[in-house]
Each structure stands twice: as C-alpha cells, then as structure tokens.
Amino acid sequence: MDELIKRDDTNMPEPTVVALNNHMEIGILRGFEIDVKNTKKYMRNVLFIVGNEVITDNFADTILLKEELKLFDKGDEQNTFFKVVQRELNGKKVISLELSLDDGKKIYISKSEAKAIVDIWNMAMQGYSFARILEYENTQTLESWTDIIHQSGLLKLGK
C-alpha cells in the first residue's frame, strides 16, 4: 500500500497511504516530493482518511485531529473533529470518540485505539523532514490533493 513511483517532476507530490487501523479503514495519506536527481524524498502533506473519505483539508488540521486523538476524553465542545460520547457497548457504558462521516455514518474510537493510532502515526513520520510541508502548506489545496489522489488511483472515490 505504501509504494512510491519516482517522477522527474519534483513539484508533483506522490501519495501513499499508511493504515492506522485496518478494521475501521483509518489511515493517513502522505504526499511525498521525490527529487530523483538528488535522490531525496520530502514530505509534502499528511491528510487523515477514513475509507475513501479525506477528513482533513491540510497539514495543520491533520495535526489538530491527531491532538484530539491524543487527548481522547479530555475533549469538549471545542473539539473540531471528534465528539466525546458515552455509549453502551455489551451492556456497559464506555467513553468513545465519535467521528461523523459525510455519508452520515459514525465511527467510534476507543481509548486504546486512539493511543495505537497516535503511536503508529508517530512511527510512520519518523525520519522525514516537515520543512517542505510548512513551505507549501498555503499552495497545496484540498482540490489539488483531490486531483493528485484521483490520478494515483490510490483511493476509489465514489465506491
């Protein structure tokens, strides 16, 4: 799933997906700039995805979402992405993070799942510089990323 196709065009990021939670289809979509001439690879963006839905529009929102996962039940009405909910599961009351998707579906993340997602996320980012993300954050739009994702065939939109 995390394959790269090298391109001579260093301005066109190459998307890859890292699975953070397979059974809920939660992942991060990483965009790399590959400088073939200098044999260097730069991180250009990281977006949070669930199934084929891109949840965050930009890197800043992705970091905010990650922090909401890290804080888990410390969230409140100021959370941007998740709602902290108490629900019944197998006859017991549990606290979960609720994420509402565009299709009306809701996914619930437990505290251990949130911790595991953050841990895998951190491992997936080791060894990469974020300087290029910060440099290009204002020039890369959700629309441009949607085009890149569609061209790559990585996510099957409209599935």
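**Note on the predicted fold**

1. **Overall organisation.** Among the contacts in the protein with a separation of 6 or more, 47% are between residues 24 or more positions apart. The model under review is predicted. Its secondary structure amounts to four helices and seven strands, and from the N terminus on the elements follow the order β-β-β-β-α-β-β-β-α-α-α. Of the 159 residues in the protein, 41% are buried.

2. **The four-stranded sheet.** Four strands form an open sheet in the order S1-S2-S3-S4, and their pairing is antiparallel. Strand S1 (14-21) and strand S4 (53-54) are its edge strands, each pairing on one side only. Seven bridges connect S1 with strand S2 (residues 26-35), again in the antiparallel sense. Within this pairing, Pro15 has Gly31 of S2 as its bridge partner. Strands of a sheet pair through backbone hydrogen bonds.

3. **The three-stranded sheet.** A further open sheet has three strands in the order S5-S6-S7, with antiparallel pairing. Here S5 and S7 are the edge strands, each pairing on one side only. From one strand to the next, the twist averages 50°. Strand S5 (residues 83-89) runs antiparallel to S6, and seven bridges join the two; Gln86, for example, has Ile95 in S6 as its bridge partner. The pairing of S6 with S7 is antiparallel over four bridges, and Ser100 stands opposite Lys106 in S7.

4. **The turn between S5 and S6.** These two strands form a hairpin with two residues between them. Asn90, in the turn, has a positive phi of about 55°. A positive phi also occurs at Phe72, which follows H1 and has a value near 45°.

5. **Helix H1: ends and length.**

6. **Helix H1: packing.** Phe59, Thr62, Leu65, Lys66, Glu68 and Leu69 are the buried residues listed for H1. The partners against which the buried residues of H1 pack are S3, S6, S7, H2 and helix H3 (131-136). Leaving aside neighbours within four places in sequence, Leu69 is in contact with Phe48, Phe82, Leu97, Ile109, Ala114, Ile117, Val118 and Trp121.

7. **The nonpolar cores.** The largest nonpolar core contains 30 residues, and those with the most contacts inside it are Ile26, Ile28, Phe48, Leu69, Ile109 and Trp121. At least two residues of this core come from each of S1, S2, S3, helix H1 (59-71), strand S6 (92-100), strand S7 (106-109) and H2. H2 supplies the largest share of this core, six residues. Apart from it lies another core, of five residues, including Leu29, Leu47, Ile49 and Ile149.

8. **Helix H2 and the sheet.** Helix H2 (residues 111-125) lies across S1, S2 and strand S3 (40-50), and runs at about 145° to S1.

9. **A buried arginine.** Is Arg30 buried or exposed? Arg30 belongs to strand S2. Its relative accessible area is 4%, below the 20% cut-off, and Arg30 is therefore buried. A polar atom of the Arg30 side chain lies 2.7 Å from the backbone oxygen of Ala124.

10. **Helix H4 and Pro15.** Ser152 lies in helix H4 (residues 142-152). The relative accessibility of Ser152 is 30%, and because this falls between the 20% and 50% cut-offs, Ser152 counts as partly exposed. In sequence, Ser152 and Pro15 are 137 residues apart, while in space their C-alpha atoms are 7.3 Å apart. Pro15 is also the residue whose bridge partner in S2 is Gly31.

Definitions and conventions: Residues numbered from 1 in each chain as written. Predicted model: local features only at pLDDT ≥ 70, side-chain atom pairs only at ≥ 80, totals over all residues. Heavy atoms only, no water. Pairing = 2+ DSSP bridges. Contact = heavy atoms within 4.5 Å. Axes fitted to C-alpha atoms, helices over the stretch in contact; angles between N-to-C directions. Core = buried A, V, L, I, M, F, W, Y, C linked by side-chain atoms within 4.5 Å. Buried < 20%, exposed > 50% of the residue type's maximum accessible area, 1.4 Å probe, protein only. Polar contact = N/O pair within 3.5 Å; in protein donor to acceptor, adjacent residues only side chain to side chain.
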